[in-house]
Structure formats: structure tokens, C-alpha cells
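Here's a quick tour of some aromatic contacts, a surface patch and a bit of strand pairing. Have the viewer open as you read.

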Amino acid sequence: MALPLAFYAIVVLVPLAQSFQYSFYAWDGVSAATWVGLGNYITFFTDPVLQSTLGHVLVLILFFSVLPILLGLLSTALITRRKLAGMAVFRFIYFLPQVLTSVVVALVFKRIYGPEGALNSMLRAVGLDALTRSWLGDFTWALPALGMIGTWVTFGFCMVLFIAGISNIPTELYEAARVDGAGPLREFFAVTLPGLRAQIAVALTLTITGALRTFDLVWVTTGGGPGTATLTPAVALYRAAFVNPQVGKAAAIGIVMALLCLAIAMAISKFSERD
Amino acid sequence: MKQSRTVRRTLAAALTATALLAAAGCAPGGTAPAPAPSSSSSQAVVTDVAAAGNVTLKMSDFWGGSEGEWIKSMIQKFQTKYPNVKIERTQEDWGQLTSTLNLQLAEQDGPDIATANNGWQSLGTLAKGNLVLNLDKYSTAFGWDKLIPSTIARQNQFTTDFKTIGSGSLFSTPVARVSLIGIYYNVEKLNKLGITPPTTLTEFEAAAAKIKDAGEIPIAYGSQDSPTAVLLGLQAMYASADAINNFTYGDTAVTADQAGLTKAAETVKKWNDSGWFTPHHEGINYQDAVANYLDGKGIFRFEYTGSLGLTDAQQGKFKYIQLPQASGSGTVGVGAAPSAMVIASKCKNPDVAAAFLDFLMSKDAAQASADFGLIPLMHSDITVPEKMATLQTEAAGADAIAKSDGFVPYFDWTSPTMLDTLNQQMQLLYAGKTDPAGLVKAVDADRNAFLTGSK
């Protein structure tokens, strides 16, 4: 017990405490730091660029979490009502994006979204030339375009999770519902959805905190641009820590993100455990 | 509920640990090495490398391609000259090295010599943190003060209170080669359209208009991740070298407008509105833009010399122009040694390390640059090989700047965040979300925030 705890303390707690400490200093990472109190936190919540990163995260949560969970529930409901041949293959295909490294995913989508990429070629092929654009270089579309990558990646994960969850719901419940004359819709809301509460909580926790921490996808595709249209807190943190020597600011961003993730995880677990 | 209790316990432990750290009174950064220069500056410099005994120097640099070949050959030559010295080179990716150099230099086992990025982002921070040596005594001993042109030397200087860049002590050295911002053109395509290579900005614009009318792309470009070369190239045509130098080196009497930035931004916007850039450049990244240009898409390109990575077979297919100032007198151009060479404070044989830096500034090093297709610096009568047809035009550009004493530093050395600001503002400019005046305002604001210490 003592050894794992010591290990945990060295690997997690000490760096966490250090970050917490750094967050109160203006520090370039090399020379002596100056105490700035809550200055870095105040900057985070007053600097318009850093503030905007929180707005971007909300949009990403919609694409990384809400949309995949809704799609996952819908497709699970459709698939599990009837036994289909080749289910395993379907599941494999949908789960595949989860297996790919996010950098690979990002590079592939960078090609797809490019001015001469597959998406624009498809639009041109069907005569929608007016809709073609540089998806990742467009101030309006860059963030939703990034979001769609996230939807693509997490949708399969949600679906596989829900299909596994459904197999735990006693078939008697479905039979009872059918005896009572419930249609597919009633059955879904009365049996499937309550039965999947634990899985939905897991999916929400992982995808929302995932959205909050989005780094690699943005770093590889847009680097936070155009302008600061796709900047996320994690990218801002990386820039502050490694590109511009502002370690204190980076630490403050990290602490805020950690607290947000913690709050979200706690809120969801509380919500899902309530009867 | 169990989960949240664990969480609470974790938080409590973290807070306790923090309290302990705070109680111990250790502010971050306190572990930086004590200032070494004061003690070692009193010792005389030993310039006799052969007498130094067996020495191993570790070197970290970010040079690949022909630059990598160049440094390999220089190390080879130095070791042949001094068999008692062994240089162990580690090559890293640019981003990787610049983001970790402070940690590497703080390590007991870190590199003795390294390439740092100029300006506050890297070199300034390292100098301020006492991680790299003050090179003043070597400058006198090796005669660098007479060798390095003052405009290049400034790029490596900081005052010892570390409030000012561009004057004071030397903390790094250039190498005997230079990288410029200028315009490349596709020789075959320009000939085909019957256009002679422009020699003034007016001629350049006339040529661009003609190319556009002929249905070709006048200026190959990608602004998704690295849009600034065109802006900085134009800025040097509008402002005096002094104005750009002084702005970058923190002289608040000069504004970004006086440093030519408004006119440069206006011109860039005009060119964009005229459709002279590659269509959809906002979605094209730097690497793709370079690849497209080498593929023949687009006739002109604003670029850093050496960045096109021309093969021997491609030499001469693209040529280089350093346009004179818009006013017609003299040539100003962004030009810097491609890296600042530093010696770690922890280096055990700083005299030998300094001798190697001296070797990298020698005439031999300049000649080797030309042999590898890189623009030599600091020495005249260098022979540029016949087959390096592109390099001949690039070297002519460097000569033109040198004659006007017109070297200016990269504008983004002004503050650690200036490159981000420039990138973002240019993208906003292209999207019509700001105007040239707004861009200039943001640049001034960035610098002033940095100078007053609020950033």
C-alpha cells in the first residue's frame, strides 16, 4: 500500500503541487520567478483570447460529446432491436477511429479539408461549388470542422459502449414492455435509456473532459488558427509553457482545466448515481 | 459518493504538499546556477586548443539538410585540426530544441554548445537565467568584435541587466553564413511570359499584374500556419534599417508604423485583394506551399533563403531577388545568422568551445557554406561554385544588403509573443476581420505590454 502511494505521490501529487505553486508566479522557466498572486488566474479570465478558448471548448463539447452520444444512442437503438448479420464487423468499423492515433486522424482530415481536398472535390462533383472553402483556414468553419473530426472519432466509442450496456439489460424488461404494448419509442425511453445510465455517464465524463483537454487534434490541423479561432486552453497552455516562456501562466491554465475536469466528473457521477 | 471522497482526499494531499513547498520558501527558478562570468572573466582566455588536453564537447543543434551537411563537415575539419578534441553532435528538430533548451542547459549532463533561437523567446531567457556564458572576453581574445558586422553582432547582444536587447554584452555568436528574406522566381515560367526579373517594387507589381492576366498565380503562398515572410520582406522595403533595428531592440521612440509596418500591411492587403496570392491560401500550410511552388504552381515566392531545400538539379531553376527600398535608395533586408551559438554556463572547457565557435565564423566555414549551397557571411572573396546558380543570386542579395549596411533582424524577436501576434493578425487581415491599422496597433500593444513587463 505504501509503495504505490509513494509512487503516486511522486508522479502525480508533487507535480500537481508544483504546478499549483508555479501558477502564482510570473516565471520564464529559467530565471528567478516573481510572485504575482492570483495574477495569472485573473489574466486567464480577463484576457479576451484566453476567455475565448472556453467558448471554443463549449462548441467542441457539442461535437465531441453531445452529438456522438445522441448518434450512438440512436444507432444502438436501431441495431439492437433486431439481430443483424455481421454485427461484429459493424462494431469493428465504427470502433476503428478509436484505435488510430489522433495525430494520424488529424493528418488524414487535414488532407480531406484542404482547398484541393476530398470534401471540396465531392462538393464540386455534385455541383455545390459555392460551398467549397478552406475548411481549416476559415474563421467560421474551422472550429466546426475540427469538431466533426471529434464526432467521427468518439461516435464509434459511444456506440460500442452502449451496445455492451444493452446486453446487461434483462430481456424480461423488454418482454414486459412489449406485453404492455410499448412501441419502439416507448421501449427506448422506458427500458433502454434508464438501463444505459451508467454507460452514458462514462461516455459523458470521458468525452467532455476529452473536449476540454483537446490538444493534438488542434495542434496538428490548425495550431489554433486562423487567428485564434480554434485555440483551446490546452493549446494556449502548450504555447505559454514551451513556445513563449510564461510557465506561471501555463500552470494557471492547467490548474483551471484540472479543476473544471474534476468538477465535471464529480457532477456527472453524482447525477448518474441518483435514483 | 465514494469517488468524491477520494477526490477530496487527493486535493487535501495536494494542498498540503503545496503548503509544505511554500513553507520551505522555494520560489521556482531558484535553482538556476550562480552567475559564473564574474569568476571566470578574470581568468585569461587560452586560445591554444591543442594544449587543452583531451576534450569532449557535446553539441545540440537543429540543422538538417544542407545545413546539417555543413556542420558535419565543420566538425570533421575541426577534429582533424585538433585531434585532442571530440565533438559529439545531437541533431534535434527546431521546435523540439527551442522548447527544451532551457531544461537541457540546466542539466549537469547537458550540451556544452547549442544553437539557440535569437531574441527574447530563447536566447534572452537563457542569458537572463545564467544558463549561457557571457562571451565578451572571447570576443576580445579572438577578435570577434572586429569580425562580426555590427548589425549582426547586435542580434546576439543583451545588456547585463537583461532589460535591453541589441546592445551590451555578447551572449552568442553567429556562424559564417546568413539567411535572408527575399523573393524567388521560377526562371522558366517568367521567361515564358516574356517578363524580365523585376528590380524595383513597382516593376514587381507590374509583373504580378501581368502574370495574373496571363492566368498564372503571381505569388505562391500559404498563410495557414506561417504567413509572415511576405510582410517582413515588404517591411524592409519601406522602413530604414535603423527604424526596424531600433523597434526590434526595444527603443520605444520608434513605433511599428515608423518601422514600415503600416505600409507593408497595406501592400499585403492590396495584393490579397488583387488575387495575386495562391487561391485559398488561408487553407494551405507552409510545407504544402513550398511543395506547390517547387511543383511550378506560382511564379514568385517570398521565402527565407535555404528554406526551399533545392537539390543540385533544381539549382538555377529558381532565382533570388533582393529588391531595393521602395524609395529607390539602398537595400534593407531581413538577414541573420541562421542560429545563435551559445556556450553553456556549465561547460567545463569553455575556451575550447569558444575556439570552435570561432572556427564556425572562419573563412573556411564561409567557403564551406558556399560549397553546400548556403550564403556565406563575414568574409569576402568566397568562391561560389558554378553549379550553385541559385546561390549566386542569393549571395548577390546578401552583398547588396551588406553594402547598404541594411541587415535587420527578424521582427518577431521583439517580444516572446510577437510571432503569434503577427500570424494571428495577418490571418485576421486576410479574413477582413481587421485592417492594416488594426494590425499595427496590435503589434505595438504586444511590444509595449512586453516592455512594461505586463506580458
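## Aromatic cluster in chain B

Phe204(B), Tyr221(B), Trp271(B), Trp276(B), Phe277(B), Phe300(B), Phe302(B) and Tyr430(B) come together as one aromatic cluster. Keep in mind that this is a predicted model. Searching the whole structure turns up 41 aromatic pairs over all chains.

## A tilted pair on one helix

Take Tyr238(A) and Phe242(A): their ring centres are 5.1 Å apart and the planes meet at 45°, so this pair counts as tilted. Both residues belong to helix H12 of chain A (residues 233-243), where they are four residues apart, about one turn of the helix.

How about solvent? Tyr238(A) is partly exposed, at a relative accessible area of 25%. Phe242(A) is partly exposed too, with 36%.

## A stacked pair across the sequence

Over in chain B, the rings of Phe247(B) and Phe411(B) have centres 5.0 Å apart and planes at 15°, so they are stacked. Phe247(B) sits in helix H12 (residues 241-248) of chain B, while Phe411(B) is in the loop between strand S11 (407-408) and helix H18 (418-430), so the pair ties together parts that are 164 residues apart in sequence. Both Phe247(B) and Phe411(B) are buried.

Phe247(B) has another neighbour to look at: Arg447(B) lies over the face of its ring, 3.9 Å from the ring centre. A further case of an arginine over an aromatic ring is Arg177(B), whose charged end sits over Trp63(B), 4.9 Å from the ring centre.

## A greasy patch on chain A

Which residues make the nonpolar surface patch of about 570 Å²? They are Val89(A), Phe92(A), Ile93(A), Phe95(A), Leu96(A) and Val99(A). Val89(A) is part of helix H4 (residues 87-99) of chain A.

S9(B) has strand S6 (residues 179-186) of chain B as an antiparallel partner, joined through two bridges. Here Leu180(B) has Gly335(B) as its bridge partner. S9(B) also pairs with S11(B), this time in the parallel sense, again over two bridges. In that pairing, Val334(B) stands opposite Val408(B) of S11(B).

Terms used:
Residues numbered from 1 in each chain as written. Chains lettered and ligands numbered in written order. Predicted model: local features only at pLDDT ≥ 70, side-chain atom pairs only at ≥ 80, totals over all residues. Heavy atoms only, no water. Phe/Tyr/Trp six-rings, centres within 6.5 Å; stacked < 30°, edge-to-face > 60°. Buried < 20%, exposed > 50% of the residue type's maximum accessible area, 1.4 Å probe, protein only. Lys NZ or Arg CZ within 6 Å of the ring centre and 35° of its normal. Patch = residues over 30% accessible without salt bridge, like charges linked within 9 Å, V, L, I, M, F, W, Y side chains within 5 Å. Areas by Shrake-Rupley, 256 points an atom, 1.4 Å probe, with all protein chains shown as cover. Salt bridge = Lys/Arg side-chain N within 4 Å of Asp/Glu carboxyl O. Pairing = 2+ DSSP bridges.
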